[in-house]
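Morning, everyone. I have one structure to walk through today. Please have the sequence and the model open as we go.

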Amino acid sequence: MTVSFDILTVGIGGQGMILASNILGEACLIEKRHVKGAETYGMAQRGGSVESHIRIDGLYGPLIAPGNADLLISFDLLEALRYSHYLKAGGRMVVNRRMVLPTSVFTQKLVAPTEDEIIAALKKFDLCLIDADQVATDAGSPLSQNVVMLGAAARSLPLGPGSLLEAVRRLVPRKTIDINVRAFEMGREFGRTC
Amino acid sequence: MERRYLLGNEAIAHACVESGVDFVSGYPGTPSSEVIDTLRVQPVRSYYLEWSVNEKVALENALAAAWCGIRALCTMKHVGLNVAADPLMTSAYTGVTGGLVILSADDPFAHSSQNEQDTRCYAHFARVPCLDPASVQEAHDMIPTAFALSEEFGVPVIFRPTTRICRSKGDVELGEMVASTRKGAFHKDPQQYVVIPAHTRILHKKLNEKQPAIKKKLVALGLNRCEIRGEAGVIASGIGASYVQEVLPPAVSFMKIGAYPIDEAWLGEFIGKHEKILVIEELAPEVEERVRQLAGCIPVFGKMNGYAAYEGELSPLAVAAIMEKAGFLEKNPFPSAVPVQNLPPRPPILCAGCLHRGAFFAIKKVFKDGIYPSDIGCYTLGLQLGVVDTTICMGASITVGSGIAHSGETREVVCTIGDSTFLHTGLQGLINAVYSGANMTVVILDNRITAMTGHQPNPNTGITACGLETPPLSLDALCRACGVTFVETVDPYDLTGLLNVLQDAKKRKGVKVIIAKQLCVITARRMGIKRGKCSVDHEACTGCGTCLRFGCPAIEFNERAEINELCSGCGVCEQLCPVGAIVREGKR
């Protein structure tokens with residue numbers, strides 16, 4: 001068994017998860033640490049459920065075994081529940097409290113759990129709920145919610161906040177650096193007490 | 001040396017430039033596409049690069065370049081190698097002078113594919129070397145070796161990454177990029193390049209004579225290596241080797257297979273030193289079959305006696321479970337974790353505003369009782385709308401359609417095929433359908449791009465892989481040249497127009513072609529094209545659910561219809577609402 005720190009990031013195609021995972025990878029490079037990752041995307045960009053595995057200090061394969069993740073970052077409330085079995089018992093979960101209902105709820109008349117039901121089911125974990133869309137909008141752009149999520153998770157990451165912030169600066173589009181730096185700091189501030 | 005966090009395919013592309021690649025061709029296919037997508041956007045390109053129209057075309061181009069003495073890379077997904085199998089089999093005979101690396105990416109678990117075939121079987125079949133990386137770094141490091149092996153032995157080399165290599169990421173130690181400086185020159189040598197029977201018999205013998213030295217070299221290079229630590233041994237290949245190393249007990253021997261063909265003497269020696277052997281590999285039992293041929297009475301565990309599955313992909317958990325079951329690991333270190341059940345799924349669906357949705361809706365309305373052969377592309381998702389009855393491989397919509405039409409089936413056949421797929425292998429089917437007198441309607445879903453694999457241009461786009469303008473290809477003229485007299489181009493956002501053209505086609509005999517032409521909604525967004533979004537007039541909406549059956553992710557429903565922010569303003573729902581309750585803001 002490795003001593004890697006395993007992070008599963010989940011959400012819906014189009015929420016900026018790939019950039020978020022690249023920021024984590026870049027922060028590892030800044031700290032001269034090994035990192036492995038794996039993503040599902042492609043078809044998933046068309047509204048599908050997306051998962052990204054990141055193993056900081058990982059030496060072997062990129063995939064995290066269920067029940068073995070140290071941290072779960074979810075960009076959507078329902079997706080947090082869908083992938084919750086990946087987290088270690090009592091593990092840390094940083095979750096955007098918004099939920100996009102799957103189209104299958106409307107077209108196939110399937111029943112989605114309510115927000116309250118999901119939150120109750122997630123209570124057995126070390127749960128941090130954040131309204132990332134609102135914080136991102138306050139920071140200057142709703143598109144920065146991926147960076148808000150990283151900020152909110154920063155306390156639980158084995159990476160220095162300076163490295164994360166430097167990685168954000170390096171990877172976000174140049175015109176949006178100020179907004180994203182603010183998004184990271186505001187997310188981090190929220191995560192401190194959450 | 002630079003260290004970067006890269007996608008496997010990006011690392012492979014970088015390594016090709018480090019190897020001084022001169023010529024690049026390929027056809028997009030998940031999970032292989034980003035290799036060329038990375039190479040084609042390099043700020044400085046000293047190599048020739050093309051997206052070819054299909055894999056056979058790509059490989060023949062690359063083979064010719066390698067005959068001219070330059071280094072060529074040809075990329076495709078595993079099923080693309082079926083299309084390129086004809087030149088592959090004989091290119092092993094003719095050999096090459098410049099290095100030829102054929103990248104064929106396998107997709108265990110069929111994440112984005114129609115089957116789980118194994119490229120290693122093709123390498124075995126064609127008798128060419130095959131490299132099988134276990135990590136992103138190894139994929140990078142193997143590329144220069146692949147070119148060098150191809151040149152040393154004068155044979156094409158297959159490079160076989162899998163989804164979890166192509167689409168995984170890692171911190172990769174990179175080398176220096178090298179500019180291509182070679183100039184190709186063709187040296188006439190009919191005995192090598194004209195495979196008439198008299199020549200090919202000799203070439204076949206030469207190919208077979210190369211095999212023993214290739215096997216020895218792959219061990220000498222450390223691509224196949226082993227460490228003896230105990231009485232039990234695990235032999236693993238590809239990404240499976242990475243999963244094994246994560247849980248391997250210290251007293252169990254380990255052999256890593258990174259290249260084929262495997263040297264039997266070397267493999268046999270390893271097996272002979274152990275009391276039992278476990279083979280871990282994805283897809284076909286390619287290694288296991290070799291092991292069983294040599295193992296004698298030493299017990300072998302693997303797929304062939306039910307310890308591992310033939311299907312799907314490996315994972316750390318799956319590997320640990322196999323090792324525990326076969327007695328190579330005392331206890332599976334991973335906890336058993338069960339996902340929460342009965343959550344509504346979120347499968348991929350056609351985008352809001354996708355041109356295909358309007359086309360499918362109209363087809364189903366006009367040809368209610370039709371049979372709908374379809375093809376490979378985003379539009380295969382039309383399955384969810386009930387307008388995709390068959391999909392087997394690239395280009396097979398028209399051929400399956402004509403086959404059904406000639407079989408005595410009396411219902412109308414309406415097939416759908418994308419523009420890139422039509423140019424890949426659809427055209428021959430159209431020629432055949434016209435020639436054989438089939439009665440059917442072909443709808444070419446023309447979004448002017450190869451969308452599903454990441455928006456690669458094709459001859460119909462009007463630009464090359466490197467962004468240069470090309471002479472426009474006319475699908476209309478192409479179809480007419482095949483002998484089709486009914487060829488109509490229509491905007492699938494214009495529901496009335498599309499329904500009229502389909503009605504017209506329905507009345508006629510023979511092969512009818514309708515080109516449903518509209519930009520991919522993602523391309524349109526990137527180009528900055530804006531359309532007024534739709535909304536629902538709640539006073540007028542009767543809650544009949546007609547728009548809901550359209551299956552657009554922008555349409556929600558709670559007693560009354562609701563349109564969310566995903567709407568891209570295609571306006572088709574506005575046209576299909578029976579009470580006019582959907583209205584569009586602003587202007588087109």
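Let's start where the chains meet. In this predicted model, 53 residues of chain A are in contact with 52 residues of chain B; contact means heavy atoms within 4.5 Å.

Some ground rules. Residues are numbered from 1 along each chain as its sequence is written, while chains are lettered from A and ligands numbered from 1 in the order in which they are written. Local features need pLDDT of at least 70, and side-chain atom pairs count only at pLDDT 80 or more, whereas totals for chains, interfaces and linings use all residues; side-chain values use heavy atoms, with hydrogens and water left out.

Back to the interface. The size of an interface is often given as the accessible area lost when the parts come together. Between chain A and chain B, about 4300 Å² is buried. That is the accessible area, with a 1.4 Å probe, that two parts lose on being put together, summed over both. Carbon and sulfur atoms give 62% of the area buried between chain A and chain B.

The rule is a side-chain nitrogen of Lys or Arg within 4 Å of a carboxyl oxygen of Asp or Glu. B:Lys169 and A:Glu39 make a salt bridge through their side chains, at 2.9 Å from N to O. There are also 14 residue pairs in polar contact between chain A and chain B, both residues at pLDDT 80 or more. A polar contact is a pair of N or O atoms within 3.5 Å; within protein, one must be able to donate a hydrogen and the other to accept it, and residues adjacent in sequence count only if both atoms are side-chain atoms.

Which elements of chain A give two or more residues to the side that touches chain B? They are helix H1 (17–30), strand S2 (35–39), strand S3 (49–56), helix H2 (77–82) and helix H3 (103–107). Helices here (H or I, at least four residues) and strands (E, at least two) are DSSP runs, numbered from the N terminus. H1(A) gives the largest share of that side, six residues. By class, the side of chain A that touches chain B has 25 nonpolar, 19 polar and nine charged residues. Ala, Val, Leu, Ile, Met, Phe, Trp, Tyr, Cys and Pro count as nonpolar, Asp, Glu, Lys and Arg as charged, and the others, Gly among them, as polar.

S2(A) pairs with strand S8 (residues 168–174) of chain B, antiparallel, over three bridges. Two strands pair if DSSP finds at least two bridges between them. Opposite A:Lys36 stands B:Gly170 in S8(B).

Next, chain A alone. Chain A has eight helices and six strands. With 194 residues, a compact globule would have a radius of gyration near 16 Å, and chain A agrees at 16 Å. That radius is taken over C-alpha atoms, and the globule rule is 2.2 Å times the number of residues to the power 0.38.

A:Asp57 is not a glycine, yet has a positive phi of about 70°. A:Asp57 also forms a salt bridge with A:Arg33, with the closest N and O atoms 3.0 Å apart. The pair links distant parts of the chain: A:Arg33 in the loop between H1 and S2, A:Asp57 in the loop between S3 and S4, 24 residues apart.

On to chain B. Chain B has 21 helices and 22 strands. Seven of its strands form an open sheet with mixed pairing, in the order S3-S2-S4-S5-S7-S6-S12. Strand S3 (48–51) and strand S12 (259–260) stand at the edges, each with a single partner strand, so one side of each is left without a neighbour in the sheet. Inside that sheet, strand S4 (residues 72–77) and strand S5 (residues 100–105) of chain B run parallel, joined by six bridges.

Two cis peptide bonds to check. One joins B:Thr30 and B:Pro31, with omega about 10°. Another runs from B:Tyr260 to B:Pro261, with omega near 5°. B:Pro261 lies in the loop between S12 and helix H12 (264–272) of chain B.

Last stop, B:Arg584. This residue is in strand S22 (residues 582–584) of chain B. The B:Arg584 side chain reaches the backbone oxygen of B:Gly569 at 2.7 Å. The side chain of B:Arg584 also makes a polar contact with that of B:Glu574, at 3.3 Å.
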